Amino acid sequence: MLVDNRPGGNQIIAASLVAKAAADGYTLLLCDDGVFTLNPHLFRKLPYSLEDFAPVVDLAQLQMVLSSARQLPAASIAELVALARARPGTLNYGSFGTGNIVHLAMDAFSRMAAIELVHVPYKGYPDAIRDVLANQVQLVLGGIGGPALQYLKSGAMRPLAVTGPSRSPLLPDVPTLSEAGFARLDPQVNFILMAPAGTPPAVVRKINAAAAAIVGQEIAATVLAPNGMRPLGASPDALAASLRQGRAAYAELVKSSGVRLD
């Protein structure tokens, strides 16, 4: 398998390429579900739609952690909210650009908590982490594993809360956002495989079965769990339903934020 990275444009470049590819099962799109759940609300006109794709498999769900600079005098969500109310507009959070799920989730958190946080967009998670370590920004929301876990374990960054319905085995002492009083805030990032529309159902089923087996057994413990991801391996029909539901669920989140990218 050849990996052809096509970054940029909220993954629109990659999605557009696969939407126009031959429907033979040899060209697939690996992306997060925001391509189909968030982008339709952020852009007035997209060069693709969900109907241009055949859903293949929902691979894994990423659990995220809201982390703070160790210098920040707040060891919990409640203390963070109190501090932000006492110092409005002085605390910053990093995200991976305008309009991504991190930006939208933190914007929603600010409104729910009635606090004022300043958004600082970055090119990627490592860049945001670097500035949290230096206390240039005070907060960042992102994956538990990868570049963050070592700093969370060492105390260089402080974990305040994790997303999802249950605590992370990587950070068992850190409460969920729901436990911290924000049950309505549940940002989700699922990594999915999509094929061009018209790909034969037998080919879709074959790829689905192979991918589901791999995420459920071969890489669950060695790749997914250490990076804070939960294996899924959902069926094509389940993925299609999830994308439709996600698009409807995020409509109000994007509308309330006032963010548009075109």
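**View 1. Ser110, a buried residue of helix α5 in a predicted model.** At 7% relative accessibility, Ser110 counts as buried (buried means under 20% relative accessible area, exposed over 50% and partly exposed in between, with a 1.4 Å probe and protein chains only). Ser110 lies in helix α5, where helices (H or I, at least four residues) and strands (E, at least two) are DSSP runs numbered from the N terminus. Leaving aside neighbours within four places in sequence, Ser110 is in contact with Ile115 and Leu117, contact meaning heavy atoms within 4.5 Å. The C-alpha atoms of Ser110 and Val81, which are 29 residues apart along the chain, are separated by 8.8 Å. Because this is a predicted model, local features need pLDDT of at least 70 and side-chain atom pairs count only at pLDDT 80 or more, whereas totals for chains, interfaces and linings use all residues. Residues are numbered from 1 along each chain as its sequence is written, and side-chain values use heavy atoms, with hydrogens and water left out.

**View 2. The crossing of helices α5 and α10.** The axes of α5 (residues 101–113) and α10 (residues 236–257) come within 10 Å and cross at roughly 70°; axes are lines fitted to C-alpha atoms, for helices over the stretch in contact, and angles run from 0 to 180 degrees between N-to-C directions. The two helices α5 and α10 are therefore roughly perpendicular to each other, a term for angles of 65 to 115 degrees. From α5, Ile101, Leu104, Asp107, Ala108 and Arg111 meet Tyr250, Leu253, Val254, Ser256 and Ser257 of α10.

**View 3. The buried and exposed residues of helix α8.** Helix α8 (residues 201–218) has 18 residues and reaches 25 Å from its first C-alpha to its last, close to the 26 Å expected at 1.5 Å a residue, the expected span being 1.5 Å times one less than the number of residues. Its buried residues are Val204, Ile207, Asn208, Ala211 and Val215. Seen down the axis of α8, these buried residues fall within an arc of 105°, so they line one face of the helix; the arc is that of the directions from the helix axis to the C-beta atoms. The buried residues of α8 pack against β2 (53–62), β8 (189–196), α9 (220–224), β9 (229–234) and α10, whereas the face turned away from the buried side carries the exposed residues Arg205, Lys206, Gln217 and Glu218.

**View 4. Thr176 in the loop between β7 (157–162) and β8.** Thr176 is buried, with a relative accessible area of 3%. Not counting residues up to four places away in sequence, Thr176 touches Ala161, Val162, Gly164, Pro165, Ser166 and Arg167.

Methods
Parallel < 35°, antiparallel > 145°, perpendicular 65-115°, else oblique.
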